[in-house]
Amino acid sequence: MDQRSDREPHTRLVRPTVAYSKGMENLRLAIAIAIAKSAGFLSKSLGRGSGETLPGRVLLTLCPNAIELLSASRVIILVSGTNGKTSTTKELVTQVRTVGTVVTSGSGSNLTRGVAGALMQDSVFAVLEVDELHLPSVVAATNPALVLLLNLSRDQLHRMHEVKRVASRWHEMCKSADPSTLFVADVDDPFVNYAITGAASAVRVSFGAASGGRHPDGAVCPSCGRYLDWIEGKYHCECGLSNEYADHTYESGSAGYRNFVLASIAADMVGVHNSISNIALRTDYRGMERATEKVFAGVKARLRLTKNPASWTEALAGVVGDNVILVLNAREVDGIDTSWIWDVSYANLAGKKVVVTGERGADLAYRIHVEGVESTLVDTFDEAIALFGLGSVEVLAAYTAFFGLVNR
Amino acid sequence: MKIIRIHNELLGTYGDRGNADVLAYRAGLAGISTRVIDVSYRDAIPHDGDIYLLGGAEDAAQILSCNALSGGSLHGAVEKGAVVLAICAGFQILGKSFYANNNEVRGLGLLNVTTVPGTQRYVGDIKIHSDLLGIDLTGFENHGGKTLLGAGAQSFGSVVVGHGNGESGVDGAVSGNIFGTYLHGPVLARNPEFADLLLSRAHGSPVKVDDPLADHYAALRLRLVK
């Protein structure tokens with residue numbers, strides 16, 4: 001950390017290294033890591049997958065408290081929320097790397113086994129994205145220095161059931177977390193704000209009035225159940241839950257911008273110099289989107305991950321061209337119920353050339369049809385791409401479809 | 001034709017707002033002009049609506065909506081013969097009582113049903129057979145309540161796949177022009193004949209809409225939910 005000797009790291013976030021006293025436990029852990037690593041290597045070389053989650057799974061089987069043991073000697077930073085986990089984690093890793101070694105979890109391996117897998121490598125910091133429902137157990141196991149809470153909105157309701165349910169679990173988690181754990185939270189989201197009311201230490205971040213208006217699922221106060229009235233992005237419940245007070249207030253902006261700001265504040269808290277002052281310098285947040293460019297059969301495609309009402313709405317607002325492919329699947333991680341597609345407005349696609357595909361393409365084709373957007377419905381992505389000659393196209397793809405396209 | 005979408009900010013958790021959009025769209029194809037009126041929690045419920053729609057919700061929202069409706073605003077419209085379609089939490093609100101946040105809550109009593117906590121959460125694709133329509137319907141259910149029919153109450157359909165009202169093998173309830181069901185989807189998007197039934201009831205004469213994409217989608221879901 002010599003490059004930033006002009007400033008002391010945030011003292012309460014740097015934990016003393018815990019020396020293992022139990023030699024046998026260390027030996028068991030070391031053996032478990034060795035076996036888990038070779039299992040991952042073997043699986044990769046046999047072509048049985050990316051080798052990302054298998055080592056973690058093997059490690060946890062052989063040594064169930066591996067996460068506790070491997071967390072004890074480093075600064076743990078966790079990132080969770082419905083949308084923006086992966087890009088925010090990536091940004092945070094980039095920033096934290098300027099002050100020390102970092103391990104991180106690969107995208108899509110944000111369950112407990114992914115966390116265990118990431119921690120097998122030595123480092124000063126671990127920056128990990130964690131699934132919303134798994135966050136409480138990961139917080140308990142890792143005793144993190146900092147937890148960045150981005151947002152909560154409807155997603156995979158067959159699994160999450162209700163947004164309130166996830167918020168309540170987070171609230172309990174904040175209450176029972178070690179008092180030294182610092183929660184950095186976007187309080188414009190009432191669910192996140194409710195969660196941190198139980199926290200001993202929290203940094204409240206707000207993006208001012210009209211930051212996207214009211215939360216789409218925020219009509220009821222998650223704390224007391226009263227009706228929550230919103231005035232230009234601001235709410236104030238009789239019970240006291242409100243985003244009118246914050247430790248940091250920034251201008252409103254896109255989801256990518258907000259997540260960049262939150263990552264920078266978190267980075268500052270763990271001792272990254274200039275991270276907050278850099279916020280003003282950055283103007284382009286396209287790198288914060290879950291997007292990538294790729295050529296399919298001569299057609300230049302810009303792929304964007306869209307997985308729930310909030311991320312679809314954000315992605316649709318970013319469509320600039322006249323050629324669009326929409327891909328909808330409904331596998332487990334996509335959410336097996338597609339009813340939510342009716343909560344998104346696709347009106348800005350009217351007049352564009354729209355092709356719909358995916359395992360649940362018919363659901364989406366009919367939904368946009370009712371909104372006056374006509375499309376061509378085809379069975380496969382290759383058929384869809386073939387309809388665009390040699391031009392370029394914007395592709396909005398559900399979770400499994402997005403990764404299917406990125407990885408092929 | 002006035003379509004009243006009640007408290008969507010509270011009763012909109014599971015995409016049921018689409019039922020109003022489908023009704024308006026199909027009515028348009030049939031040459032019937034419609035207006036979808038969103039009534040929020042702070043607004044009074046209009047008495048002159050032709051179709052009233054209630055959707056699924058989380059517990060706290062369900063209680064708020066029910067309290068706002070308990071003044072009797074919906075009763076007046078029902079007495080005038082308005083059509084009501086209520087899904088999931090909305091269906092439970094129309095009954096005599098339901099449970100939310102572990103407390104028993106008094107419902108509007110427009111349907112002779114009571115809802116109690118179920119033995120499990122009922123989540124997944126659902127298919128029911130409606131004798132009224134003479135066809136199978138599909139949807140998606142996601143609820144923790146078990147609904148019991150009162151004496152003489154009529155179910156909406158018999159369960160082919162899934163759970164519906166719980167373990168009793170039936171889904172929903174029907175009384176005159178009031179329809180309650182656990183089918184999300186939204187149910188009228190996946191079952192255009194049901195949409196046309198509601199339009200016919202509200203219009204006072206048979207409405208039959210021709211929309212091949214809607215039929216294709218409905219047939220596809222029927223084939224896949226088994």
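Biologist: Let's start with α1(B): is it mostly covered or mostly open?

Modeller: Mostly covered. Keep in mind that this is a predicted model. In α1(B), nine of the twelve residues are buried.

Biologist: Which residues of α1(B) are the buried ones?

Modeller: G18(B), N19(B) and A20(B), then V22(B) through the run L23(B), A24(B), Y25(B), R26(B) and A27(B).

Biologist: And how far does α1 of chain B reach from its first C-alpha to its last?

Modeller: Helix α1 of chain B covers residues 18–29 and reaches 17 Å, close to the 16 Å expected at 1.5 Å a residue. Just after α1(B), G31(B) takes a positive phi of about 80°.

Biologist: OK, interface next. How many residues does each chain put into the contact?

Modeller: Chain A gives 30 residues and chain B gives 36 residues. In chain A, the residues that lose the most area to chain B are Y227(A), W342(A) and Y366(A), together 26% of what that side buries.

Biologist: What's the area buried between chain A and chain B?

Modeller: About 2,800 Å², and carbon and sulfur atoms give 59% of that.

Biologist: Are R190(B) and D363(A) buried or exposed?

Modeller: Buried. R190(B) has 1% relative accessibility, and D363(A) has a relative accessible area of 1% too.

Biologist: Now the whole model, how many salt bridges over all chains?

Modeller: The structure holds 20. Take R226(A) with E238(A), where the closest N and O atoms are 3.6 Å apart. That pair links distant parts of the chain, twelve residues apart: R226(A) is in the loop between β6 (201–206) and β7 (230–231) of chain A, and E238(A) is in the loop between β8 (234–235) and β9 (248–249) of chain A.

Biologist: How open are the two partners, R226(A) and E238(A)?

Modeller: R226(A) is partly exposed at 36% relative accessible area, while E238(A) counts as exposed at 71%.

Biologist: What about a pair inside chain B: which residue does E167(B) bridge to?

Modeller: E167(B) goes to K146(B), the closest N and O atoms being 3.8 Å apart. The two are 21 residues apart, with E167(B) in the loop between β9 (157–161) and β10 (170–171) of chain B and K146(B) in strand β8 (residues 135–149). E167(B) is partly exposed, with a relative accessible area of 46%, and K146(B) is partly exposed too, at 21%.

Biologist: Which residues are joined into one network by salt bridges that share partners?

Modeller: D337(A), R360(A), D363(A) and R190(B).

Biologist: Last topic, S123(A). Where is S123(A)?

Modeller: S123(A) sits in the loop between α5 (112–118) and β3 (125–129) of chain A. S123(A) counts as buried because its relative accessibility is 16%, under the 20% cut-off.

Biologist: What does the side chain of S123(A) make a polar contact with?

Modeller: The side chain of R74(A), at 2.9 Å. The side chain of S123(A) also reaches the backbone oxygen of F125(A) at 2.7 Å. Not counting residues up to four places away in sequence, S123(A) touches R74(A), T101(A), V102(A) and V103(A).

How values were computed: Residues are numbered from 1 along each chain as its sequence is written. Chains are lettered from A and ligands numbered from 1 in the order in which they are written. This is a predicted model: local features need pLDDT of at least 70, side-chain atom pairs count only at pLDDT 80 or more; totals for chains, interfaces and linings use all residues. Side-chain values use heavy atoms; hydrogens and water are left out. Helices (H or I, at least four residues) and strands (E, at least two) are DSSP runs, numbered from the N terminus. The expected span of a helix is 1.5 Å times one less than its number of residues. Buried means under 20% relative accessible area, exposed over 50%, partly exposed in between (1.4 Å probe, protein chains only). Contact means heavy atoms within 4.5 Å. Buried area is the accessible area (1.4 Å probe) that two parts lose on being put together, summed over both. A salt bridge is a side-chain nitrogen of Lys or Arg within 4 Å of a carboxyl oxygen of Asp or Glu. A polar contact is a pair of N or O atoms within 3.5 Å; within protein, one must be able to donate a hydrogen and the other to accept it, and residues adjacent in sequence count only if both atoms are side-chain atoms.
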